[in-house]
Amino acid sequence: MPRRAVAAAATESSRGDPTRQRLLEAGLRLFGKHGFDGVSTRELAKAAGVNLAAIPYHFGGKEGVYLAVVDQLASTVEKPLSAMVAEIEAAFDRARGRAEIEALLARLIGTLARILLGSDQQALRIRFMMREQLQPTAAFERLYARFIEHVHRCLTRLVARLLDADPETPQAILRAHALFGQILAFAMAQATIRRRMGWKGEYSAAQIDEIVGIIVEMTLASLRSGPRAAASSSRNPS
């Protein structure tokens with residue numbers, strides 16, 4: 001992306017401007033659905049209900065809107081997750097028995113689920129992040145560095161401890177990723193689970209609690225019955 005767009009996104013001073021916010025909201029919807037190349041500046045302006053000139057004025061161009069959407073998304077998710085990861089890592093170092101590690105893992109699963117499943121607005125953020133997973137742009141590195149890597153490593157560390165494995169082995173990393181995927185399934189396939197369960201609208205707090213309980217139960221059962229040693233030979237060090 002052009003350097004001028006990065007600078008425009010980074011130095012934007014009118015953070016509370018309603019026109020700017022409408023463009024960010026439209027960008028989250030449209031970029032998440034169509035990707036960066038699939039959205040024109042004219043479509044962005046129309047969806048936001050603003051003049052076309054507002055895009056270069058506030059962001060320097062379409063690239064600036066995209067990067068600002070990424071930064072806003074990361075800030076929204078990063079703050080609660082970073083605090084939780086820090087607490088869990090501190091408790092991890094003090095934990096003695098398996099039950100304490102299982103409790104920490106259950107706590108992290110619950111936090112992730114409540115953040116990712118909490119609202120339809122969050123579903124838009126998930127769709128945007130999933131597109132970056134499937135078709136990564138340079139913006140993926142921002143998302144990865146700001147919260148994805150920290151959460152993934154924390155999950156892996158907990159899983160590895162329960163498997164009595166090194167957290168850098170394929171066994172630990174892949175199991176942690178599979179666990180992450182269980183939560184994302186309830187975010188990405190909401191239409192199916194709502195139809196099957198007869199749920200209407202956004203997930204309620206009670207429904208999220210039920211989802212968390214099932215994921216925790218399945219995860220701990222798998223880790224209790226899974227292999228206790230990890231082979232590292234299959235991991236690609238790159």
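Visitor: What does UniProt place at residues 40–59?

Guide: The unreviewed entry lists "DNA-binding region" there. UniProt positions follow the numbering used here, feature names are shortened, and annotations may be inferred rather than shown by experiment. This is a predicted model: local features need pLDDT of at least 70, side-chain atom pairs count only at pLDDT 80 or more, and totals for chains, interfaces and linings use all residues. Residues are numbered from 1 along each chain as its sequence is written, and side-chain values use heavy atoms, leaving out hydrogens and water.

Visitor: How many helices and strands does the protein chain have?

Guide: It has 11 helices and 0 strands. Both are DSSP runs, numbered from the N terminus: helices are H or I of at least four residues, strands E of at least two.

Visitor: Why is the pair of Phe31 and Tyr66 called edge-to-face?

Guide: Rings of Phe, Tyr and Trp (its six-membered ring) pair if their centres lie within 6.5 Å; planes under 30 degrees apart are stacked, over 60 edge-to-face, the rest tilted. Here the centres are 4.9 Å apart and the planes 70 degrees.

Visitor: How do you know that the charged end of Lys62 sits over the ring of Phe36?

Guide: The term needs NZ of Lys or CZ of Arg within 6 Å of the ring centre and within 35 degrees of the ring normal. The charged end of Lys62 is 4.3 Å from the centre of Phe36, and counts as sitting over that ring. The charged end of Arg194 also sits over a ring, that of Tyr203, 5.6 Å from its centre.

Visitor: Why is Arg194 called buried?

Guide: Buried means under 20% relative accessible area, exposed over 50%, and partly exposed in between (1.4 Å probe, protein chains only). Arg194 has 19% relative accessibility, so it counts as buried. Its place is in helix α10 (residues 190–197).

Visitor: What makes Arg194 and Gly201 a polar contact?

Guide: A polar contact is a pair of N or O atoms within 3.5 Å; within protein, one must be able to donate a hydrogen and the other to accept it, and sequence neighbours count only if both atoms are side-chain atoms. A polar side-chain atom of Arg194 lies 2.9 Å from the backbone oxygen of Gly201.
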